[in-house]
Amino acid sequence: MNKLSKKYIQNAKTLFPIMSKSERDYLYKLKLNVVDYLSESPDGSMEDLIQEFGTPEEIVASYFASVDTNVIIKKIRLSRYLKIMLLTIILCLLLFTSLFLKFSYDKHQVFMDESAIIEDTVIE
């Protein structure tokens, strides 16, 4: 697979709002077709690929036209819930880390204050 086919597939891949197994399978089949096309015409350009397979936008549109709308909606909802859960976990970890650092700093300050009060006296 050369740089041209990688760039073409990557351009199409970035337009998918979700990337599940069916989308990866679709892109894999497209990649195989693009590689076969470029092996038959090694001097092909990006314009040739667009003319043969369509623009990345057309590729994504044709995929979503062939898939059931309810399946897409479920995948998008699941993706949204997973993002919300991940964000919540990250925020909780950030909060706990901040609280831990604050308590550690407070303990350090108490230790520093107490160590300044205690003095060693030597009686001769």
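Colleague: What is the relative accessible area of Lys75?

Modeller: This is a predicted model, in which local features need pLDDT of at least 70 and side-chain atom pairs count only at pLDDT 80 or more, while totals for chains, interfaces and linings use all residues. Residues are numbered from 1 along each chain as its sequence is written, and side-chain values use heavy atoms, with hydrogens and water left out. On the scale used here, buried means under 20% relative accessible area, exposed over 50%, and partly exposed in between (1.4 Å probe, protein chains only). Lys75 counts as partly exposed, with a relative accessible area of 23%.

Colleague: Which side chain does Lys75 meet in a salt bridge?

Modeller: A salt bridge here is a side-chain nitrogen of Lys or Arg within 4 Å of a carboxyl oxygen of Asp or Glu, and for this pair the N to O distance is 3.6 Å. Lys75 lies in helix H5 and its partner in helix H2, so the pair ties together parts that are 52 residues apart in sequence. The partner counts as buried, at 1% relative accessibility, and the residue that meets Lys75 is Glu23.

Colleague: How many salt bridges does the structure hold?

Modeller: Besides the pair of Glu23 and Lys75, Asp25 and Lys21 meet at 3.3 Å, N to O, and, being 4 residues apart in helix H2, they are separated by about one helical turn. Asp106 and Lys102 meet at 2.8 Å, N to O, and both lie in helix H5, 4 residues apart and again about one turn of the helix. In general, an α-helix has 3.6 residues a turn, so residues three or four places apart point the same way. The number of salt bridges in the structure is 3.

Colleague: How far apart are the end C-alpha atoms of helix H2?

Modeller: Helices are DSSP runs (H or I, at least four residues) numbered from the N terminus, as are strands (E, at least two), and the expected span of a helix is 1.5 Å times one less than its number of residues. The 20 residues of H2 (residues 21-40) should therefore span 28 Å.

Colleague: What arc do the buried residues of H4 fall within, seen down the axis?

Modeller: The buried residues of H4 are Pro56, Ile59, Val60, Tyr63 and Phe64, whereas Glu57, Ala65 and Ser66 are exposed on the other side. The arc is that of the directions from the helix axis to the C-beta atoms. The buried residues of H4 line one face of the helix, because they fall within an arc of 125 degrees.

Colleague: What is the area of the nonpolar surface patch made by Leu95, Phe96, Leu99 and Phe103?

Modeller: Patches are made of residues with over 30% relative accessible area and no salt bridge, with like charges joined within 9 Å and nonpolar side chains (Val, Leu, Ile, Met, Phe, Trp, Tyr) within 5 Å. Leu99, found in helix H5 (residues 69-117), is partly exposed at 37%. Accessible areas come from the Shrake-Rupley method with a 1.4 Å probe, and for residues only the protein chains shown count as cover. The patch made by these residues has an area of about 420 Å².

Colleague: How far apart in space are Val122 and Gly44?

Modeller: Val122 has its place in the segment after H5 and counts as exposed, at 68% relative accessibility. Val122 and Gly44 are 78 residues apart in sequence, and their distance in space, C-alpha to C-alpha, is 90 Å.
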